[in-house]
Amino acid sequence: MRHHPDALMIFAAGFGTRMGPLTADRPKPMVEVAGKPLIDHARAIAEDAGIGRIVANLHYKPEPLIEHLNGTGILLSHERDTLLDTGGGLRKALPLLGPGPVFTLNSDAVWTGANPLGELRSAWDPDRMDALLLLLDPHDARGHPGAGDFTLSDGRLNRGPGYVYSGAQIIKTESLHDVAETVFSLNLIWDRMIGAGRLSGIVHQGEWCDVGHPQGIAEAEALLDYDRDV
C-alpha cells in the first residue's frame with residue numbers, strides 16, 4: 001500500500017441547489033466561471049500538481065459532465081440511485097482510486113496562490129496524520145460567510161470558529177469501511193480523527209472563492225481578474 005497520495009477524488013455529484021436556475025439543466029461543475037466550467041478549474045489544479053489518477057463522482061444531471069470529461073482520462077464513479085454524500089461517495093470510488101491515502105477536492109471553488117494539492121503533498125506526514133485539511137484564514141475566503149469550521153493548534157484540528165475548510169485534503173481511506181451507513185459525510189470520519197488526535201491542518205498561501213451560489217461567480221471572476229466584457 002502506498003503511503004503518499006497519487007490519486008485524486010473530485011466531488012462533482014451534488015445537486016447545486018444554491019445555484020438556483022443555473023443548475024436547472026446542468027450539474028454545478030458545468031457552471032462557467034472565467035470562461036470555463038468549474039470542473040476544468042479543478043482539473044487544472046490536478047494537472048499542475050501532477051496527479052496520476054483522477055476520479056470524479058456523478059449523480060445530478062450527469063450527462064453534460066460525462067460528455068465534457070470524455071477523452072480526458074478522468075475516471076467516473078456513478079452514484080446513479082442515491083447521492084452518497086462525501087464519505088459514501090469516496091468509499092464507492094475506492095476501487096477506482098486504489099489503496100492508500102488520496103487527495104479530495106471540491107469542484108465548486110477557484111484558487112489563487114500556491115497549488116493547493118502541492119501544499120498538501122509537501123506537508124503530508126502519514127506517521128502523524130490520518131487526514132490533512134487545507135484551511136483558509138476567513139479574510140482569504142471569499143463568498144464564504146461565517147466564523148470558520150476549525151481551530152488549529154500545533155498543526156492539530158478541533159471543531160470551532162477559526163479557519164475555513166477549503167474543500168481540499170489528503171485522507172487515509174481505511175476507516176471508511178468502518179461506517180455501517182451507506183450515505184454519510186466525511187465529517188463523521190473527521191470527528192473520529194479529532195478524537196484520536198490525528199486530524200491535521202495547514203493554511204493555504206493564497207486566496208479562494210466559494211462558487212456554490214450565483215453571487216460567487218462574480219466574486220470568483222474578480223479574484224481571478226477576469227473581465228467578461230473583453
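**View 1. Phe 150, Tyr 165 and Trp 190 form one aromatic cluster.** The model is predicted, so local features are described only where pLDDT is at least 70 and side-chain atom pairs count only at pLDDT 80 or more, while totals for chains, interfaces and linings use all residues. Residues are numbered from 1 along each chain as its sequence is written, and side-chain values use heavy atoms, with hydrogens and water left out. Rings of Phe, Tyr and Trp (for Trp, its six-membered ring) pair if their centres lie within 6.5 Å, and planes under 30 degrees apart count as stacked, over 60 as edge-to-face and the rest as tilted. Because Tyr 165 lies in strand β12 (residues 164-171) and Trp 190 in helix α5 (residues 186-195), the pair ties together parts that are 25 residues apart in sequence. Helices (H or I, at least four residues) and strands (E, at least two) are DSSP runs, numbered from the N terminus. Tyr 165 is buried, with a relative accessible area of 16%, and Trp 190 is buried too, with 6%. Here buried means under 20% relative accessible area, exposed means over 50%, and partly exposed lies in between (1.4 Å probe, protein chains only).

**View 2. Phe 15 and Tyr 60 form an edge-to-face aromatic pair.** The ring centres are 5.7 Å apart, with 65 degrees between the planes. Phe 15 sits in the loop between β1 (7-11) and β2 (32-33), and Tyr 60 in the loop between β4 (53-58) and α2 (63-69), so that the pair links distant parts of the chain, 45 residues apart. Phe 15 counts as partly exposed, at 41% relative accessibility, whereas Tyr 60 is buried, with a relative accessible area of 18%.

**View 3. Glu 119, in helix α4 (residues 116-123), is buried yet has no salt bridge.** A salt bridge is a side-chain nitrogen of Lys or Arg within 4 Å of a carboxyl oxygen of Asp or Glu. The nearest side chain of opposite charge, that of Arg 121, is 11 Å away; Lys and Arg count as positive and Asp and Glu as negative, while His and the chain ends are not counted. Leaving aside neighbours within four places in sequence, Glu 119 is in contact (heavy atoms within 4.5 Å) with residues including Leu 134, Ile 202 and His 204.
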